[in-house]
Amino acid sequence: HILYSVEAMNSLTTALKPEEKRMLAYTMLMHDIGKPNKHITRRKDGQIIDSFFDHNLESEKIALRVLAKFGFDKSQVQKIAMLVNKHDIFMFIKDYKPTNPYHKQLTKELIQKEITDLNCVGDGEDMFKKLVWVGRADNLAQNENMTEESLRLLAKIEQMISQIENEK
């Protein structure tokens, strides 16, 4: 999955500068690398399933530890680590009012909050756009029968980002 996600990101970012493409490819290389350390099996709906709770945090720790060895400067490491940390947020965003307390409803305010959070490592708006690419590449590297809703949500988020930009 990780290698397919790098390939998907490379396909999505052909128009970007090489440095940005490289950062996003490494984001995908790192995004699930912490899963083995967080693997558990559990029972859900009568079946045994694999789960990887907080793998994003473990992946972020690994990214922070190794990315400088690949020639990234401190700012780039912080940006990649933040994208790795937040790569799964779209699983918890719904375009309807959710009943699950862990889910949030997609609103312009939610997007603005995420942009504000991302400002700590750079231009939050640009980082959020990159995070959407991360979400898309992650989905494109999975079973296409399971990603239709997520890809539709990402398209809707992109439309909302454009609306926010046009309102400035």
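Glu158 counts as partly exposed at 30% relative accessibility (buried means under 20% relative accessible area, exposed over 50%, partly exposed in between, with a 1.4 Å probe and protein chains only). Its side chain meets that of Arg136 in a salt bridge, 3.1 Å from N to O. What you have here is a predicted model, where local features need pLDDT of at least 70, side-chain atom pairs count only at pLDDT 80 or more, and totals for chains, interfaces and linings use all residues. Residues are numbered from 1 along each chain as its sequence is written, and side-chain values use heavy atoms, with hydrogens and water left out.

**Salt bridges**

- Side chains of opposite charge can pair when their charged atoms come close.
- The count comes to 11 salt bridges, each being a side-chain nitrogen of Lys or Arg within 4 Å of a carboxyl oxygen of Asp or Glu.
- Back to the opening pair, Arg136 and Glu158: Arg136 lies in helix 7 and Glu158 in helix 8, so this bridge ties together parts that are 22 residues apart in sequence. Helices (H or I, at least four residues) and strands (E, at least two) are DSSP runs, numbered from the N terminus.
- Arg136 counts as buried, at 15% relative accessibility.
- Some salt bridges share partners, and these join Lys86, Lys113, Glu114 and Asp117 into one network.
- Arg152 bridges to Asp95, with the closest N and O atoms 2.8 Å apart. This pair links distant parts of the chain, 57 residues apart: Arg152 sits in helix 8 (residues 148–166), and Asp95 in the loop between strand 3 and strand 4 (104–105).
- Arg152 is partly exposed at 44% relative accessibility, and Asp95 is partly exposed too, at 25%.
- Lys108 forms a salt bridge with Glu167, and here the closest N and O atoms are 2.6 Å apart. Again the pair links distant parts of the chain, with Lys108 in helix 6 and Glu167 in the segment after helix 8, 59 residues apart.
- Lys108 is partly exposed, with a relative accessible area of 26%, whereas Glu167 is exposed, at 55%.

**Helix packing**

- Helix 1 (residues 2–12) and helix 2 (residues 18–30) have axes that come within 8 Å and cross at roughly 160 degrees. Axes are lines fitted to C-alpha atoms, for helices over the stretch in contact, and angles run from 0 to 180 degrees between N-to-C directions.
- Helix 1 and helix 2 are therefore roughly antiparallel to each other (angles under 35 degrees count as roughly parallel, over 145 as roughly antiparallel, 65 to 115 as roughly perpendicular and the rest as oblique).
- The axes of helix 2 and helix 5 come within 9 Å, crossing at roughly 45 degrees, and these two helices are therefore oblique to each other.

**A surface patch and a buried loop residue**

- Met91, Phe92 and Tyr102 make up a nonpolar surface patch, with about 360 Å² of accessible area together. Patches are made of residues with over 30% relative accessible area and no salt bridge, like charges being joined within 9 Å and nonpolar side chains (Val, Leu, Ile, Met, Phe, Trp, Tyr) within 5 Å. Accessible areas come from the Shrake-Rupley method with a 1.4 Å probe, and for residues only the protein chains shown count as cover.
- Phe92 lies in the loop between helix 5 (74–86) and strand 3 (93–94) and is partly exposed, at 35% relative accessibility.
- Val121 belongs to the loop between helix 6 (108–118) and helix 7 (124–140), and is buried, with a relative accessible area of 13%.
- Val121 and Ala81 are 40 residues apart in sequence and 9.6 Å apart in space, C-alpha to C-alpha.
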